[in-house]
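Please look through the sequence and the model shown below before reading on. The report that follows moves from single residues to the chain as a whole.

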Amino acid sequence: HWSQSLTWRAFFAAIVAALSVAWLFSGLWTGIIASEGPPVLIPNFSGGLQYNVREVPVFVLMGVAGGLLGALFNAINGAINRARARLY
């Protein structure tokens, strides 16, 4: 069974992923990822905010660390709730 809400979530996730990859690849040849040009998901800041390609791995590592910490939190929370359910 495939629900309509799941279809919309998957569609939205695919669009976000495609636009994110296109944004990252925009700086592959120039070495600078800029927010200049027509804004898609990234707002066009008046100061011409630019990222260097060397900075992207730092942001990726921060995202991975945040995801791992979130997973750890969920695992601990689940264990605590299971233990509470057994006790009460």
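Val-56 lies in helix H2, where helices (DSSP runs of H or I, at least four residues) and strands (runs of E, at least two) are numbered from the N terminus. With a relative accessible area of 18%, Val-56 is buried; buried means under 20% relative accessible area, exposed means over 50%, and partly exposed is in between, using a 1.4 Å probe and protein chains only. Although Val-56 and Leu-24 are 32 residues apart in sequence, their C-alpha atoms are 8.5 Å apart in space.

Tyr-51 belongs to strand S2, which covers residues 50–52, and at a relative accessible area of 27% Tyr-51 is partly exposed.

## How far the model can be read

This is a predicted model, in which local features need pLDDT of at least 70 and side-chain atom pairs count only at pLDDT 80 or more, while totals for chains, interfaces and linings use all residues. Residues are numbered from 1 along each chain as its sequence is written, and side-chain values use heavy atoms, with hydrogens and water left out.

The pLDDT, which is the predictor's confidence in each residue from 0 to 100, averages 80 over the chain, and 70% of the residues score at least 70. Confidence is highest in helix H2 (residues 56–87), at a mean of 94, and lowest in strand S1 (residues 32–34), at 62.

## An aromatic pair and a patch

The structure holds 1 aromatic pair. Trp-8 and Phe-11 form this pair, which is edge-to-face, with 5.9 Å centre to centre and 85° between the planes. Rings of Phe, Tyr and Trp (its six-membered ring) pair if their centres lie within 6.5 Å, and planes under 30 degrees apart count as stacked, over 60 as edge-to-face and the rest as tilted. Trp-8 and Phe-11 are 3 residues apart in helix H1 (residues 4–25), so they are separated by about one helical turn.

Trp-8 counts as exposed at 54% relative accessibility, whereas Phe-11 is partly exposed at 47%. Ile-15, also placed in helix H1, is partly exposed at 33%. Together with Leu-19, the residues Trp-8, Phe-11 and Ile-15 form a nonpolar patch on the surface, with about 390 Å² of accessible area.

## The chain as a whole

The chain contains 2 helices and 2 strands, and their order along the sequence is α-β-β-α. Of its 88 residues, 7% count as buried. The accessible surface comes to about 7,400 Å², and 71% of that surface belongs to carbon and sulfur atoms.

Among the contacts (heavy atoms within 4.5 Å) with a separation of 6 or more, 11% are between residues 24 or more positions apart.

Conventions: Patch = residues over 30% accessible without salt bridge, like charges linked within 9 Å, V, L, I, M, F, W, Y side chains within 5 Å. Areas by Shrake-Rupley, 256 points an atom, 1.4 Å probe, with all protein chains shown as cover. Salt bridge = Lys/Arg side-chain N within 4 Å of Asp/Glu carboxyl O.
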